[in-house]
Amino acid sequence: MSSMQPIPSANASTPVGVDTTARAAQLGAANINPRTGLATDYLNHFNEAVMLLEMIPDMPECAEDFLGWHPLSYAEHFRASNFRARDLAIEAYETADPGIRSDFDDIVTSMTRILTAVGDAMRGARQDATRARLAEEAVGWIKPMIGRAGGVINGQGSEADIDYIMAH
């Protein structure tokens, strides 16, 4: 059996005519999950926001740093990063299985909306205690979502499985 096989339609992360074994090795070497076509490096973008939010209760001046954070799409994050395989990461994301990518994008959209709303609320807050409370609430919402996004990236379980694990 040749390793140059037709690509099944269920695996959209491998371009047609590409050796699936070589493609999987290339993605794996670049820290991109070969099964999903997604890279956990993108979650660093959200982890940065969480880190800044976690500092606000003890150091209120960090609110300004958080307010300087702005959402980036998957491609924008990699274009702006020093990730060595940034072009491959973008291409793998663009050709990832539509169902997997949709699940991932839904979580990312929710995280982005929450962080944007928290930023807007912080801009309107007049007291450090209010900003601290907003930060604490946001961290409680975003951290589990980062875990869910990581699960999608790593091809681990369904959303229902992840929700069950997070609740117990």
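Q: Which residues is N33 in contact with, leaving aside its neighbours within four places in sequence?
A: In this predicted model, N33 is in contact with L38, I153, N154 and G155. Each of these pairs counts as a contact because heavy atoms lie within 4.5 Å. N33 itself has its place in the loop between α1 (20-29) and α2.

Q: Why does N33 count as buried?
A: The relative accessibility of N33 is 13%. Buried means under 20%, so N33 at 13% counts as buried.

Q: What makes P34 partly exposed?
A: P34 is also found in the loop between α1 and α2. Its relative accessible area is 30%.

Q: What is the separation of the C-alpha atoms of P34 and A96?
A: The two C-alpha atoms are separated by 9.6 Å, while the residues are 62 apart along the chain.

Q: Why is the pair of Y42 and Y74 called tilted?
A: The structure holds eight aromatic pairs. In the pair of Y42 and Y74, the ring centres are 5.1 Å apart and the planes stand at 55°.

Q: How do you know that the charged end of R101 sits over the ring of Y93?
A: The charged end of R101 is 4.6 Å from the centre of the ring of Y93. The distance limit for such an arrangement is 6 Å, and the charged end of R101 is accordingly described as sitting over this ring.

Q: Which residues of α5 are buried, and what covers them?
A: In α5, L88, A89, I90, A92 and Y93 are buried. What covers the buried residues of α5 includes α1, α4 and α6.

Q: What makes up the largest nonpolar core?
A: This core has 44 residues, and those with the most contacts inside it are I32, L53, F66, F104, M111 and M122. The elements giving two or more residues to the core are α2 (43-55), α3 (62-67), α4 (74-80), α5 (86-94), α6 (98-124) and α7 (128-153). The most comes from α7, with nine residues. The set is called a nonpolar core because its members are buried residues of the nonpolar kinds, joined through side-chain atoms within 4.5 Å.

Q: How does the reach of α7 stand against the expected value?
A: α7 has 26 residues and reaches 36 Å from its first C-alpha to its last, which is close to the 38 Å expected at 1.5 Å a residue. Just after α7, G155 takes a positive phi of about 65°.

Q: How many helices and strands does the chain have?
A: The secondary structure comes to eight helices and zero strands. Of the 168 residues of the chain, 39% count as buried.

Methods: Residues numbered from 1 in each chain as written. Predicted model: local features only at pLDDT ≥ 70, side-chain atom pairs only at ≥ 80, totals over all residues. Heavy atoms only, no water. Buried < 20%, exposed > 50% of the residue type's maximum accessible area, 1.4 Å probe, protein only. Helix = DSSP H or I, 4+ residues; strand = E, 2+ residues; numbered from the N terminus. Phe/Tyr/Trp six-rings, centres within 6.5 Å; stacked < 30°, edge-to-face > 60°. Lys NZ or Arg CZ within 6 Å of the ring centre and 35° of its normal. Expected span 1.5 Å × (residues − 1).
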